[in-house]
Amino acid sequence: MKKKCFPLLSIFIFFFFFFISFSNSFDYRQALSDSLLYFETQRSGRLPYNQRVTWRHHSGLTDGLEQGVDLVGGYYDAGDNVKFGLPMAFTVTMLSWGVMEYGEYIAGAGEYGHALEAIKWGTDYFIKAHTQPNVLWAQVGDGDTDHYCWQRPEDMTTSRQAYKIDEKNPGSEVAGETAAAMAAASIVFSKTNPHYSHLLLHHAHQLFEFGDKYRGKYDKSVGAARRYYPSVSGYHDELLWAALWLYKATDNQSYLNYALQNALSFGGITWAISEFSWDVKYAGLQIIASMLLREEKHKLHKPTLEQYLFKAEHYICACLNKNNGTNVDRTLGGLLYTRQWNNMQYVSNAAFLLTVYSDHLRQSNQQLHCHEQSVGPDEILSFAKSQVDYILGSNPMATSYLVGHGPKYPTRVHHRGASTESYKHNKGFIGCTQGYDSWYARPHPNPHVLIGALVGGPDKNDRFRDDRGNYVQTEACTYNTAPLVGVFGKLYGLENAEFSSKVSLVSSW
């Protein structure tokens, strides 16, 4: 009898949470506000007067000093104190894309200024890091020594060695992604700060040319990044990605030609991918290229752009479990499941791409074509919403994986600063091993709530263990939260009927 009950119970649980995900109403405006606050927590450098996360203080004020460059600023990627250039650039690209698509909704929620600040904190750093046309400082700090210590960033005694890419030590992935970030950000600032927008575009041009002319894998040149952010997909996707962003920012046909002429050799129209991340950009660039088809001026390039479209549809259909073959796995509770370590990054990215693509289909009066069936934009958006709602608490654990949001969320996040007493309250030095002994090993909740951080999330069985040492599930990263900013803005706008009626839904693409 028990063997017969388990499948029935499983089916009941699935449909229960499926129903809940569509009937629950979450405070998307607050989620948007929380998510933007998280980026202030991750700031490195001298904090501004209007810093809202008051338990943080200045840190990394000598970054780059040994190398004779000013590398103060930027973001710590996660719960450590290293500044990794590739994921930082991807974070800024996704923040910028979200603001481009849903900026009016974000403004309606009163968060537009904070969104611009989050982007500019990153791009100001990239300007510093790009010291010469063919030189980009790609990392500050060493993951190995950093992980031996449990110190708040204000106390760092670990290596602040800086690593660069140049003509002899190329790194096309980080050059390309930083070019993409600065091009995307230039679009965001084009109206509010045209001079700054032009400056960003100048750097983006140079970085793309550098990354393309001197091709090579960045993790071969920056060995210190290899264990933490290795480039599995190579650099071809970043170069296509950067070219498309530069085309969007400049309308310069040469960048579109680059994406068209290299579509086959670089894998843009051959790779059918079911994930999108700081490493693997194919799904994102395929979606961007496919959306160009709706403009009359791109009809000349229809054959190649349609091939991009077929691969973009593969990704969307894979997320919806509608491919005849490769689909993204799901937990019983309905969460997209790509891999064990930090799975939520793939979920938040998918939610964003699904939302953007649903808007594209609606505006162009089209349908998604999956295996032997068509799917409308409403179904795509509904599924994206279900993933966001799972994140916010509509899941078997009844836990919000966006820290600080809702009645129940992770309280033992794997994060050095949040798990340690505030420097402002206790300026006494906390040493390397002292931090492990006195703070990391504590069974109590962190003294600070890491508001807006999206942790790694549950396992394939929807189980989650709130333990500081369980970094696979409890560590949060900037690139987890970044895609959610735009999605939260969109969902807030849809729920606010009066606001929605006044806002044009036309995408910036």
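In the predicted model, Asp 70 has a relative accessibility of 42% and therefore counts as partly exposed. The side chain of Asp 70 meets that of Lys 128 in a salt bridge, with an N to O distance of 3.3 Å. Because Lys 128 belongs to helix H4 (residues 112–129) and Asp 70 to the loop between H2 and E1, the pair ties together parts that are 58 residues apart in sequence. Lys 128 is likewise partly exposed, its relative accessible area being 32%.

This contact is one of the 26 salt bridges that the structure holds. Another joins the side chains of Arg 52 and Glu 40, at 2.8 Å from N to O. Arg 52 is partly exposed, at 31% relative accessibility, while Glu 40, at 4%, is buried.

A further salt bridge is formed by Glu 379 and Lys 322, whose closest N and O atoms are 3.4 Å apart. Glu 379 lies in helix H14 (residues 377–392) and Lys 322 in the loop between helix H12 (302–319) and strand E4 (329–330); the pair therefore ties together parts that are 57 residues apart in sequence. Lys 322 has a relative accessibility of 17% and counts as buried, because the limit for a buried residue is under 20%. Salt bridges also occur as a network, in which Asp 359, Arg 362, Asp 378 and Lys 490 are linked.

The surroundings of Leu 368 were examined with residues up to four places away in sequence left out of the count. On this basis, the residues touched by Leu 368 include Ile 316, Cys 317, Leu 320, Tyr 357, Leu 361, Val 375 and Ile 380. Leu 368 also touches Glu 313, Gln 373 and Ser 374.

Notes: Residues numbered from 1 in each chain as written. Predicted model: local features only at pLDDT ≥ 70, side-chain atom pairs only at ≥ 80, totals over all residues. Heavy atoms only, no water. Salt bridge = Lys/Arg side-chain N within 4 Å of Asp/Glu carboxyl O. Buried < 20%, exposed > 50% of the residue type's maximum accessible area, 1.4 Å probe, protein only. Helix = DSSP H or I, 4+ residues; strand = E, 2+ residues; numbered from the N terminus. Contact = heavy atoms within 4.5 Å.
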